[in-house]
Every structure is written in structure tokens, then in C-alpha cells.
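Please read them alongside the sequence and the coordinates.

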Amino acid sequence: GIFYLPYTGQAAGTASGINGFSSDTQWVSSLNGLNPNYYLSNPFPSGLNKVTAPGSGLLTNIGQNIGATSRDGAIDRSARVGYMQQWDVNIQRQITSTLVLEVAYTGSKGTKLPDSTGGVQLDQLTGQQLLAGTALQQLVANPFYGYVSTGVLSQATVTRGQLLRPYPQFVGVEDYRPDLSSSIYHAVEARLEKRFSSGLSLMVAFTGAKLIDDSSGSLIDGSPAHQDSYNLRLDRSVSAQDVSRRLVVSYTYQLPLGQGKRFGTRWPRWLDVVAGNWAVNGMTTYSTGLPLAITNAQNNSNSFSNV
């Protein structure tokens, strides 16, 4: 089967692609924290923050990190709808009148999936540029000085590496969750089922699987972002959601106690009501844990990458 995902550009909550057209103004409830009703008559004494676009043109949000969240993330025009391919082969064998064995292989492949690490950093230095070494940390004159009021680009000097970025007028440009991720899953499943007879039903199920992808970040807290925006295959590894082994045993056992049973056939009615016709039910699960995610601080390589 082939199953298609919803288009990532669909609006949900605060829509994507509104960078420069949205602004927030914080309500000052009290200057000293003692009288929360002090400014109810005038909650915005300094006025409301205005949006920067479209009048500012190419200076919209200059000196800031754009596209870093779902609120201001841009929609990639080359994005395509992702899809999942799934397949399986299943063999069942009846061993006895009450015993069934089932063995199956199942797999799936994800193509053009939405990136779940939070985005791809488009404002990163290349590996060739990193050969400059410590020269990237040298302070040079800032051509954006006077145009930017806050952040590193508001200073008179800036690092050489900042000016070598593809978009030096920003401190980050992220393609928020583009459709460029992939996944592959293979699993062998086995199930042995004893249908209810002689007071006992039993099912034992085992799954041995492996899930590999190159983007399983935000779905699991603490999972790493992309190491290199120019080579996403570096992130191809065991998925943060991988559970490679899983064993489940479920059972129902009707105790042989009570009228018509092995023990207690001649019990009086009152004793049969209290102690007869009891059953034990249970389910036990054993599984391996999730992979350990190793993370690092942003820009650890001085390439302005997300790690």
C-alpha cells in the first residue's frame, strides 16, 4: 500500500510563512509585581509593537533568526507531499485444533517526510569555509552596523565567519520542517496462539525490528538536530523511536474450582458463589528501550549549524 501525508503548508494554529507580518506586545501588569490590576485601564502604555513588513522590504527582521519556529517558518516552494510505502508477507499454520502459529515479515519506507528536528539551517558555512580555522573568529568591521538595533549585528564589529554565511544579514535562516526526510523499517513478527480450551487461552507474540531514519528529532525530547545542512545523510541512524525487540505474553486461565470443575463439583451453592468460577488474566510485556540520544550545543563546529 501507498499512503500520502497531508501537505505541510496547511494552516494549523498559527500558520507558517508569516514572518514579518506578525508581532507580539507584552502586557505590563505591574512594575513592582504587587498590584496586578494597576495597568488594567491602560495595559499597553508604550503602544503596540507594529509589524515590520511589507514596508521594510528586504530589511524585514534584519539581524534576527528567521524561520526558526512554526510561526515564522517559511514554506519551501519545492516541497512535495510525502508518502509511506508499506508491505508484508504473512504465513499462518494450524498446528492442532486449538493451536495456531503465525510468522510474518513487514516493512515500510518513508519518502519526502516532513523534517521533525525543527528545521534545516540554510545559513550555515560549508566544509570548505571551515578550513579557514581560527580566522573565522577574527573581528572585522560590521557592514550592518546602524541598521540593526539588537543582537550581534548591532555591534561595530562582527566575526569574519558571520559575514561569510549565505545570508550574513541574519543570525539564522531555517527552512522549517521541509519535506526531505526518509525512513526505512523492517520487522519479523511471530505469534503463537492457543485458543480457549481446558480453561486456558494463551498468546505469545514476538517482534524483532529495526527503524532507521535521518530525522527523528522533536518527536522525542532531547534528540539531536542536523549536524550538517549540506549532508543530511550524516544523520541517518537508528531512529529515536526504534524498539528493536518486543515480547508480549497474554493469558486467561479459568481456575478448576466450582461446580462442574475438577475441584468443587459437589460444593454447596453458597460456596460455589464465593469460591467458584474464578479466572486469572494477565499480560506481560518485555521490550528493549529507546536509543540514547547524544546532543550538543548549537554552532559547536563554528559553522553556525544547529549542533
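1. Buried means under 20% relative accessible area, exposed over 50%, and partly exposed in between, with a 1.4 Å probe and protein chains only. By that cut-off, 30% of the 307 residues of the protein chain are buried.

2. This is a predicted model, in which local features need pLDDT of at least 70 and side-chain atom pairs count only at pLDDT 80 or more, while totals for chains, interfaces and linings use all residues. Residues are numbered from 1 along each chain as its sequence is written, and side-chain values use heavy atoms, with hydrogens and water left out.

3. The protein chain has 13 strands and two helices (DSSP runs numbered from the N terminus: H or I of at least four residues for helices, E of at least two for strands). Contact means heavy atoms within 4.5 Å. Of the contacts in the protein chain between residues at least 6 apart in sequence, 68% join residues at least 24 apart.

4. The largest nonpolar core has six residues: Ile-62, Val-140, Phe-144, Val-148, Leu-153 and Val-158. Such a core is a set of buried Ala, Val, Leu, Ile, Met, Phe, Trp, Tyr and Cys residues joined through side-chain atoms within 4.5 Å. Leaving aside residues up to four places away in sequence, Val-140 touches Val-158 and Leu-163, among others.

5. Ser-198, not a glycine, has a positive phi of about 55°; Ser-198 sits in the loop between strands E9 (179–197) and E10 (200–213) and is exposed at 78% relative accessibility. Phe-304, in the segment after strand E13 (279–287), has a positive phi near 65°, but Phe-304 is buried at 16% relative accessible area.
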